[in-house]
Amino acid sequence: MPKRSFVVLFLLLVSGCGASAVMEAAAGRDQQAFRGSLRQRLSDGDVDIGEAQDIAARLLGTQIESAQGPVGRRGLDSLDECATLVEPSLLRRSAHDDELGARAAIIRIEAGLVEPMGYVSQLSRQEPHWRAAAVRSLTLPAPQGAQAGGAEAAPLIRAGKWRRNLMVDQSRDVRLAALQAAIDAADPADGLAVLEAARLDPYPPAKLSAIEAAGAIGTREAVLGLGDLWAAAEEKERVAIVGAWAGAARKGRELSGCADLRSTQPHCLAWRLLVRASESDDGLAGLVAALELVHDASPRQATAAVHTAVAVIERLIDEAPSRIRIEAIKSAPLSWAHLLEAIVAAAETEDDDVVVAALGRLTELGGKERKEAIERLRNVATGDVPPADAARLALVRAGDRTVVPLLDQDAKAKSAEQRGRSAVRYAQLGRVDKALAMLGDVDARVRVRAACAILGMED
């Protein structure tokens with residue numbers, strides 16, 4: 001985001017000086033008045049990105065600070081990576097002693113806007129939402145070895161114990177927050193606790209976070225403990241385990257020695273488990289494992305294991321069920337000639353969803369291939385077949401503005417999710433006027449997504 005917009009955003013949120021009519025309306029809670037002012041401003045002429053960002057920031061700040069109930073919660077949860085751009089409003093909302101105040105606090109923590117241990121004073125609260133905020137801030141690992149004996153280490157040791165205690169809290173939100181804090185802390189002392197949560201926690205998001213935490217910890221016990229879960233794991237869990245092994249493998253400075261089966265270094269164990277998963281699992285987890293092995297690998301200097309992983313990806317593009325073929329096509333590195341050939345062939349199959357995915361990748365090429373792929377995507381995008389939305393997204397990513405009339409249809413859909421997607425796509429295409437119009441949507445989630453998309457635009 002341009003520096004000017006950061007400065008203006010901050011001044012507007014803090015002072016509110018010099019606001020236009022639409023800015024004043026954005027600062028109020030009367031959505032009908034704001035929609036009227038917005039329509040008038042759009043009819044007056046072009047709006048540049050800077051002004052659009054100022055309007056979006058004011059509206060978003062007001063919406064955050066006035067958030068209440070389930071609607072307000074959905075709005076806060078739609079902020080995603082936009083949180084850093086509205087920190088003053090999140091800070092003010094987190095000062096309220098209610099559930100959404102605690103939710104705003106967690107969003108600030110996850111956006112890196114709060115110092116570690118920033119909410120430790122809330123650990124003894126009865127309300128689970130504040131216990132969740134408190135434990136989510138316990139992201140520093142306890143000192144190890146000789147450092148553990150210092151007086152300054154005592155609070156961190158206690159914090160680690162709190163984190164592990166709250167991994168078995170009665171509230172699933174508290175358990176989830178504790179396990180997410182364990183990902184950031186990457187504290188070896190959490191190893192047994194996160195593996196236990198990965199085995200036994202009944203809340204799926206908590207279980208997946210526990211698996212990720214084990215990978216972040218990356219000890220030999222954590223890596224092998226994830227292997228013990230593999231046989232009974234469902235697909236989402238296997239994908240998470242693969243991601244955890246990949247994270248643990250990246251902790252090693254050098255993988256060249258990992259081909260030696262005698263090596264018991266945790267990163268080598270994780271790498272070998274990735275190889276095994278890529279070769280033995282025919283589903284999404286095997287694909288993800290193969291992609292991790294190929295990641296950043298040069299075709300000229302690749303090891304035998306990497307070449308095998310490329311062959312796995314090629315086979316899945318050719319033969320796997322549709323959804324896995326699509327994921328393989330979306331993620332396959334085009335620098336590998338065999339994978340590019342497989343994607344070109346996939347664009348000629350009879351599976352429309354696979355064809356659209358392949359054409360989307362071919363738009364990344366130049367010349368004739370890109371032109372032909374865009375023309376074919378346009379034909380699919382105008383239809384009512386299920387792949388039409390995927391074709392529209394591919395055209396947006398290719399920067400093809402002929403898709404705008406189709407986005408206009410999506411912007412009027414009954415589905416808030418569909419309208420929200422259109423707002424983001426307008427912004428991706430640089431259509432600030434149309435993205436700005438979506439700030440008047442009746443659904444808070446759409447307004448938040450539109451505002452975040454506008455704030456992410458560049459001059």
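Q: How much accessible surface does the chain have, and what share of that surface belongs to carbon and sulfur atoms?

A: Keep in mind that this is a predicted model. The accessible surface of the chain comes to about 22,000 Å², and carbon and sulfur atoms make up 51% of that area. Of the 459 residues, 51% count as buried.

Q: What is the secondary structure of the chain, and how compact is the chain?

A: The chain has 26 helices and 0 strands. Its radius of gyration is 25 Å, close to the 23 Å that the globule rule gives for 459 residues, so the chain is as compact as a globular protein of that length. Among contacts with a separation of 6 or more, 59% join residues 24 or more positions apart.

Q: Which residues touch the most other members of the largest nonpolar core?

A: In soluble globular proteins, nonpolar side chains tend to be buried together. Here the largest nonpolar core holds 154 residues, of which Leu60, Leu79, Trp245, Ile317 and Leu439 touch the most other members. Leaving aside residues up to four places away in sequence, Leu79 touches Leu60, Ile64, Val86, Leu90, Ile107, Val448 and Cys452.

Q: Is helix α8 mostly covered or mostly uncovered, and what do its buried residues pack against?

A: A residue is called buried when its relative accessible area is under 20%. By that cut-off, 7 of the 9 residues of α8 (residues 128-136) are buried, and the helix is mostly covered. The buried residues, which include Trp130, Arg131 and Val135, pack against α6 (87-94), α7 (99-110), α9 (154-166) and α10 (172-185).

Technical notes. Residues numbered from 1 in each chain as written. Predicted model: local features only at pLDDT ≥ 70, side-chain atom pairs only at ≥ 80, totals over all residues. Heavy atoms only, no water. Buried < 20%, exposed > 50% of the residue type's maximum accessible area, 1.4 Å probe, protein only. Helix = DSSP H or I, 4+ residues; strand = E, 2+ residues; numbered from the N terminus. Contact = heavy atoms within 4.5 Å. Core = buried A, V, L, I, M, F, W, Y, C linked by side-chain atoms within 4.5 Å. Rg over C-alpha atoms; globule rule 2.2 N^0.38 Å. Areas by Shrake-Rupley, 256 points an atom, 1.4 Å probe, with all protein chains shown as cover.
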